[in-house]
Each structure stands twice: as C-alpha cells, then as structure tokens.
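Please look over the chain shown here before reading the comments.

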Amino acid sequence: MTQQPPLTPAEAWAELEAGNARFVAGEVEHPRQGIDRRAELSGEQHPFAVLFGCSDSRVAAEIIFDRGLGDMFVVRTAGHVVDTTVIGSIEYGIEVLHAPLVVVLGHDSCGAVAAARHALVTGEMPSGMIRAVVDRVIPSIVTRVPTGAGGDGSAFDLEVPGPAELGRQHLRGTVRMLANYSHALADAVAEGRCAVVGAEYKLAEGRIEVVEIAGSID
Ligand SMILES: [Zn+2]
C-alpha cells in the first residue's frame, strides 16, 4: 500500500527536496511509476504539489524531483510566464485537488529571460507569438526600476541586470504576480493551507535553490 500524501506545505516541500537530492546524487528511485500505481490512480488524483515551471526540455518536473504518477500537478510555459489559463490551472490544483504547495520553477540560462533581456537592451522585439512570451517576462524586470525617471516625460534610465540576476528577479516577480492575480491562492497562503516557493534549477548540477517563499515551509 502506498503512503499517505504530504498534507502540509512543509511536508510537501520536504518530499520535493528529498527527491531532488536523490536526483543530484544520481541515486534516483523512480518511485510510483509502476503498473500498480497507474491502476491505483485511474479513478482519482491527489497530487501534493502544483508545479508551475519553464517549458525548457532540461527542466522536466517529475525527473528532477524524482517523483512519479499522481504526485505533481504540472503547468509549464516558456519562461514560466503567467496568463489566465495558467492561473486557472494553479487554482484547480489548490482548490479542487487541495495541493498544499505551489512551486514556481525557473532555471539558469533561460532562453525566455535572455530574449526579454535582449529586447530591453536593443529595443528589438521578436516577432510572432514568441513576442507574447517576451511581453510577459518584461513586467517582472521593469517593475522594480527606474533610477532616472523624471517627471518631464523623459525616458526611463533603465538598468538591466545580467542574465543570472534577471532570471531570479523574474522568478521573484512571478511568485508575487501569482498571489496578486489569484485571490484563491492568496487566501490559501494566508490561511496556511498552501505556500508558494520560487526555486531556481541549476542546469549543470541538477540542484534547486530557493529564491522566494510566500507563506511558510518550516
Ligand atoms: Zn526557461
């Protein structure tokens, strides 16, 4: 028989940290991926975490946390950019499925962040739908500025940080944006039913690092 799923934000985060530690060490267990687990889940699901991450092919959620079927409710977009269906999916995970944790997962060397930085530095926007991604990364970059904006309508003196800091800034911005957009999430965090962890995945080491927390995982 399988064990009970984690019920608190702290327990859920501990499960993910343990799984990532196994992945980093190359000691993965591939838990809950067999025929019995598949059969057990055919009628219902009780994932213990919602993962909202970048679509990057190297940041595969269940693999890097060494988890299996039914463990994580996963939403991914390029650069973990937020839109209404993302919010709706996350709310489904916490309100209907009662997951006690939302993880926002960014990573180093993110192409979406690099594209947004390029647009800011050069003024050249990408064309087509890629622009929609860049459009949604830029707000988390520009909201904490500006240093030289005058009241005379002159241009912002925008300091664009390097790619690494920009990625973390975008991650922090996304965590805050989720709580701003979603009253359901903000309420769940305020009541201690849920926490949001913004974590950065290191492509080379496979390690995750906490960058931002809303609520408590202690
Ligand atoms: Zn990315």
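1. Basis of the note. The model is predicted, and local features need pLDDT of at least 70, side-chain atom pairs count only at pLDDT 80 or more, and totals for chains, interfaces and linings use all residues. Residues are numbered from 1 along each chain as its sequence is written, and side-chain values use heavy atoms, with hydrogens and water left out.

2. The zinc site. Three residues coordinate the zinc ion, namely Cys-54 through SG, His-107 through NE2 and Cys-110 through SG, at 2.1 to 2.3 Å. Donors are N, O and S atoms within 2.8 Å of the metal (3.2 Å for Na, K and Ca); water is not among the atoms, so sites may look incomplete. Along the chain, the donors of the zinc ion have the spacing C-x52-H-x2-C. Distant parts of the chain are linked in this way: Cys-54 is in strand E1 (residues 49-54) and His-107 is in strand E3, 53 residues apart. Helices (H or I, at least four residues) and strands (E, at least two) are DSSP runs, numbered from the N terminus.

3. Are Cys-54 and His-107 buried or exposed? Cys-54 counts as buried because its relative accessibility is 5%, and His-107 is buried with a relative accessible area of 5%. Buried means under 20% relative accessible area, exposed over 50%, and partly exposed in between (1.4 Å probe, protein chains only).

4. Cavities. The model has 2 cavities of 30 Å³ or more, and the largest cavity holds about 60 Å³ of space. On a 1 Å grid over the protein atoms alone, a cavity is a set of points where a 1.4 Å probe fits but cannot get out; lining residues have an atom within 4 Å of a point. Grid points are joined across faces, edges and corners, and a volume is the space filled by probe spheres set on the points.

5. Lining of the largest cavity. Among the lining residues are Cys-54, His-107 and Cys-110, along with His-80, Arg-168, His-170 and Glu-200. Strand E3 (101-107) and helix H7 (163-181) are the elements that give two or more residues to this lining. H7 gives the most, with 4 residues. By class, the lining of the largest cavity has 4 nonpolar, 5 polar and 2 charged residues. In this count Ala, Val, Leu, Ile, Met, Phe, Trp, Tyr, Cys and Pro are nonpolar, Asp, Glu, Lys and Arg are charged, and the others, Gly among them, are polar.

6. Helix H7. The 19 residues of H7 reach 26 Å from first C-alpha to last, close to the 27 Å expected at 1.5 Å a residue. The expected span of a helix is 1.5 Å times one less than its number of residues. Buried residues of H7 include Gly-167, His-170, Leu-171, Val-175 and Leu-178.

7. Val-175 and Glu-212. Val-175 lies in helix H7 and is buried, with a relative accessible area of 3%. Glu-212 lies in strand E5 (residues 208-214) and is also buried, at 16%. Not counting residues up to four places away in sequence, Val-175 touches Val-104, Val-196, Gly-198, Glu-212 and Ala-214. Contact means heavy atoms within 4.5 Å. With the same exclusion, the residues that Glu-212 touches include Val-175, Arg-172 and Arg-176.

8. Helix H1. How far apart are the end C-alpha atoms of helix H1 (residues 9-25)? They are 24 Å apart, which agrees with the 24 Å that its 17 residues should span at 1.5 Å a residue. The buried residues of H1 pack against E1, helix H3 (61-64), strand E2 (72-77), E3, strand E4 (195-201) and E5. Arg-22 lies in helix H1 and counts as buried at 17% relative accessibility. Beyond its neighbours within four places in sequence, Arg-22 is in contact with residues including Glu-27, Glu-29, Phe-65 and Asp-66. Just after H1, Gly-26 takes a positive phi of about 75 degrees.

9. Exposed residues. Ser-42, in the loop between helix H2 (35-40) and E1, is exposed, with a relative accessible area of 66%. Thr-85, in helix H4 (residues 84-96), is exposed at 54%.

Notes:
1 Å grid on protein atoms, 1.4 Å probe; cavity = no way out; pocket = protein on both sides within 12 Å on 5 of 7 lines; lining within 4 Å.
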